Amino acid sequence: MATPDPARPGFLLPLLLLAGFRTLIDDLHAELAGQGHPDLRPVHGFVLQAVGVDGTTASELGQRLGVSKQAAGKTVDRLVALGYLERADDPADARRKLVRMTEKGVDGLRRSAVLFDELRRRWAATLGEERVAAMEDDLRAVTPPNFFRLDVPGWFGG
């Protein structure tokens with residue numbers, strides 16, 4: 001077993017990964033605000049992804065996000081008030097209400113995808129395309145194949 005490098009303590013790696021994530025997300029939201037989405041917050045992106053193009057129920061949304069139905073309902077209420085989500089009758093079951101994205105919600109996700117590509121290009125301009133690609137490859141090698149999980153809000157809050 002190799003002797004730990006005092007200049008590179010083990011706890012620093014997750015903090016640097018989190019700082020990189022935070023930098024990307026903060027930059028994304030600053031750009032989104034300038035493009036007409038000043039009220040979107042990081043958790044809202046997870047919620048919009050979890051709602052998806054077909055919509056979902058508040059209960060299913062809570063399960064996808066790893067939070068209670070009540071917590072999901074509060075976030076849905078906020079996103080409905082902001083115009084990103086709407087509630088509608090489920091055509092397949094009159095007893096159920098669906099949560100669906102509005103055009104504003106779809107626009108926010110669409111802009112986010114374009115901005116993430118731009119932010120990656122910025123990192124590549126700073127670090128070099130090869131280093132960014134190698135970082136992505138290395139992270140794929142140490143993360144599970146289903147790395148994109150929507151339950152991050154529940155995991156952080158849990």
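The model is predicted. Its secondary structure amounts to 7 helices and 2 strands. The UniProt annotation "domain: HTH marR-type", taken from an unreviewed entry, covers residues 1-144.

**Overall layout**

- Read from the N terminus, the order of elements is α-α-α-α-β-β-α-α-α.
- The C-alpha trace spans about 65 × 35 × 25 Å along its principal axes.
- Within the annotated span, residues 1-144, 65% is helix and 10% is strand.

**Helices H2 and H3**

- Helix H2 takes in residues 42-51 and helix H3 residues 58-65.
- The axes of H2 and H3 come within 10 Å and cross at roughly 120°.
- Angles of 65 to 115 degrees count as roughly perpendicular and those over 145 as roughly antiparallel, and H2 and H3 are therefore oblique to each other.
- The H2 and H3 crossing is right-handed.
- On the H2 side the contact involves Phe46, Val47, Ala50 and Val51, which meet Leu61, Arg64 and Leu65 of H3.
- Sorted by class, the residues in the contact of H2 with H3 are 6 nonpolar, no polar and 1 charged.

**Helices H5 and H6**

- Helix H5 runs over residues 103-127, and helix H6 over residues 129-142.
- Their axes come within 6 Å and cross at roughly 120°.
- H5 contributes Arg120, Trp123, Ala124 and Leu127 to the contact, while H6 contributes Glu129, Arg131, Val132, Ala133, Met135 and Glu136.
- The contact of H5 with H6 has 6 nonpolar and 4 charged residues, with no polar ones.

**Salt bridges**

- Side chains of opposite charge can pair when their charged atoms come close.
- The structure holds 15 salt bridges.
- One of them joins Asp77 and Arg87, whose closest N and O atoms are 2.6 Å apart.
- This pair links distant parts of the chain, with the two residues 10 residues apart.
- Asp77 sits in helix H4, residues 69-81, and Arg87 in strand E1, residues 85-90.

Technical notes. Residues are numbered from 1 along each chain as its sequence is written. This is a predicted model: local features need pLDDT of at least 70, side-chain atom pairs count only at pLDDT 80 or more; totals for chains, interfaces and linings use all residues. Side-chain values use heavy atoms; hydrogens and water are left out. Axes are lines fitted to C-alpha atoms, for helices over the stretch in contact, and angles run from 0 to 180 degrees between N-to-C directions. Helices (H or I, at least four residues) and strands (E, at least two) are DSSP runs, numbered from the N terminus. Angles under 35 degrees count as roughly parallel, over 145 as roughly antiparallel, 65 to 115 as roughly perpendicular and the rest as oblique. A crossing is left-handed if the near helix is turned anticlockwise from the far one by less than a right angle, and right-handed if clockwise. Contact means heavy atoms within 4.5 Å. Ala, Val, Leu, Ile, Met, Phe, Trp, Tyr, Cys and Pro count as nonpolar, Asp, Glu, Lys and Arg as charged, and the others, Gly among them, as polar. UniProt positions are given in the numbering used here, feature names are shortened, and annotations may be inferred rather than shown by experiment. A salt bridge is a side-chain nitrogen of Lys or Arg within 4 Å of a carboxyl oxygen of Asp or Glu.
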